[in-house]
Amino acid sequence: MHKINSKSNHSATFHDRFILLGIIFAVWAFIRLLESILPDRLLEFLPGPFPMAVLFVMAIAMMTYMVIIYFAQKWKERSRVSKLEAIDLNHFDKAYPSIDIFVAAHNEQSVILDTLQNLLQIDYPNFTIYVIDDRSMDQTADLVDGFISKNKLHDKVLLIRRVNEQTPGKAASLNQAITQSSGQLILVVDADARLEADCLKRSLHYFQDPKVGAIQFQKRVRNAPYNTLTLCQDLEFAFDTYLQLGRDSINGFVELRGSGQITSRDCLQSVGGWNEVALTEDLDISVRIAAAGWKIRFAPEIIISEEGVITTTALFKQRRRWAEGSLRRYLSNFGLLISPYSKISLAQRLDILPFVCQFAVPVWVFLDVLVICLHLAQGQPTHIPILILATVLVSLNMWINIAIGIRRWRDYSPLESIKYATLAFAYGTAHWPPLVLWTMRKVILGRRPTEWSKTPRMSDILDPQSESNSLG
């Protein structure tokens with residue numbers, strides 16, 4: 001397993017900083033090299049200075065990618081499973097495979113019992129629930145223990161108490177549970193998750209392909225109607241569903257999302273379990289699973305719902321960790337991504353590029369705006385038109401695809417989809433570019449990675465007294 005210590009934390013910070021600065025310098029040097037060797041006649045036909053032409057090409061490439069995944073989804077919809085299929089149990093030795101459900105919990109007294117009640121109604125003959133209490137300072141462990149005793153569920157629900165362990169966090173909790181369980185498949189859910197009764201049976205047909213090591217359910221926000229922020233998060237998940245299914249349709253790089261993911265024990269053992277150093281253990285293990293030659297499939301017909309955060313402060317705190325973890329997983333696994341010996345396919349490598357552009361384009365635009373301002377102050381000519389054109393192309397592309405995703409996965413009318421896509425686009429524009437800039441600064445200049453922190457539940461925010469009680 002991928003254990004953590006203070007030295008590995010500092011080592012990871014230096015490694016990530018070195019790789020990121022190396023990539024930035026290599027891209028800059030490559031662009032300058034091309035600019036110096038390309039014929040002047042060719043450069044004259046390019047839209048603006050050469051770096052801006054590269055940005056323009058990136059915008060066109062992103063648009064082309066979105067067109068490809070749109071038609072790939074439409075083509076593959078004809079063969080996608082839309083209802084529960086008959087399961088060939090011969091593939092699983094003529095019996096339902098055993099499934100362990102891992103629920104990592106840290107100060108989750110407000111939601112944990114409702115989640116257990118939901119999990120126990122799952123219609124599946126062979127599953128065990130493991131609640132891993134990670135040093136909770138509230139009544140989480142006691143509530144679970146009492147629930148087990150009261151309902152005589154000692155063989156169905158098991159409690160793992162992590163009290164004095166030096167390694168905190170979800171990844172360490174999951175790794176410990178792996179050593180104390182024996183299920184052939186592992187379902188990981190957050191402590192506020194809600195699942196449908198037939199979710200496990202519907203998932204089995206994916207694992208009839210021996211190359212499939214993991215699948216990811218479709219995520220939805222259960223409290224979307226609460227306010228505009230929770231609605232925007234649910235619209236964001238609709239867009240994510242559209243992208244994930246697109247990646248699945250082209251055999252691209254499907255990612256796990258931390259909750260609602262099923263992984264085979266063989267797959268987990270082959271990659272060494274979860275990385276306890278990673279900020280986003282789900283994204284990190286997605287890279288390592290692909291590098292080991294396993295497939296990750298996306299299962300949009302199986303829905304898992306969870307709470308969205310209800311305040312902007314909680315949202316930015318959560319998304320800072322997500323953004324930094326997303327970038328660091330590429331940097332930490334950079335060798336796997338470029339190694340010719342890695343089993344990551346060419347389609348998956350190409351599929352990763354548009355998502356890396358999520359970090360590259362905002363930084364590029366920000367730096368270029370600074371240069372433009374400097375040129376304007378000095379009375380020099382600028383290349384504002386091509387910068388604006390590239391930004392408009394990227395923005396229009398994102399807005400159209402958000403609208404398609406919302407229309408497809410939230411069943412709104414065309415007019416409603418356009419309205420909600422505009423809202424979701426404004427929401428993303430307001431928080432993503434600042435988060436990217438913050439993340440780049442953190443990786444390059446920060447002394448250590450951001451520490452993991454629990455996302456507050458609705459009840460923690462609406463009833464602060466319950467949270468203060470949980471702290472002793």
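A network of salt bridges links Asp 240, Arg 247, Glu 255, Arg 257, Arg 329 and Asp 351, a salt bridge being a side-chain nitrogen of Lys or Arg within 4 Å of a carboxyl oxygen of Asp or Glu. The model is predicted, so that local features need pLDDT of at least 70 and side-chain atom pairs count only at pLDDT 80 or more, while totals for chains, interfaces and linings use all residues. Residues are numbered from 1 along each chain as its sequence is written, and side-chain values use heavy atoms, with hydrogens and water left out.

The structure holds 24 salt bridges, including these:

| Pair | N to O distance |
|---|---|
| Arg 257 and Glu 255 | 2.8 Å |
| Lys 170 and Asp 190 | 3.0 Å |
| Glu 281 and Lys 170 | 3.6 Å |

Because Glu 281 lies in helix H10 (residues 281–291) and Lys 170 in helix H6, their pair ties together parts that are 111 residues apart in sequence; helices (H or I, at least four residues) are DSSP runs, numbered from the N terminus. Both Glu 281 and Lys 170 are buried, which means under 20% relative accessible area, whereas exposed means over 50% and partly exposed lies in between (1.4 Å probe, protein chains only). Lys 170 has a relative accessibility of 14%, and Glu 255, also buried, has a relative accessible area of 4%.

Elsewhere, Val 392 is placed in helix H14 (residues 384–410) and is partly exposed, at 44% relative accessible area. Together with Ile 388, Leu 396 and Ile 400, Val 392 makes a nonpolar surface patch of about 330 Å². Patches are made of residues with over 30% relative accessible area and no salt bridge, like charges being joined within 9 Å and nonpolar side chains (Val, Leu, Ile, Met, Phe, Trp, Tyr) within 5 Å; accessible areas come from the Shrake-Rupley method with a 1.4 Å probe, and for residues only the protein chains shown count as cover.

Definitions and conventions:
Helix = DSSP H or I, 4+ residues; strand = E, 2+ residues; numbered from the N terminus.
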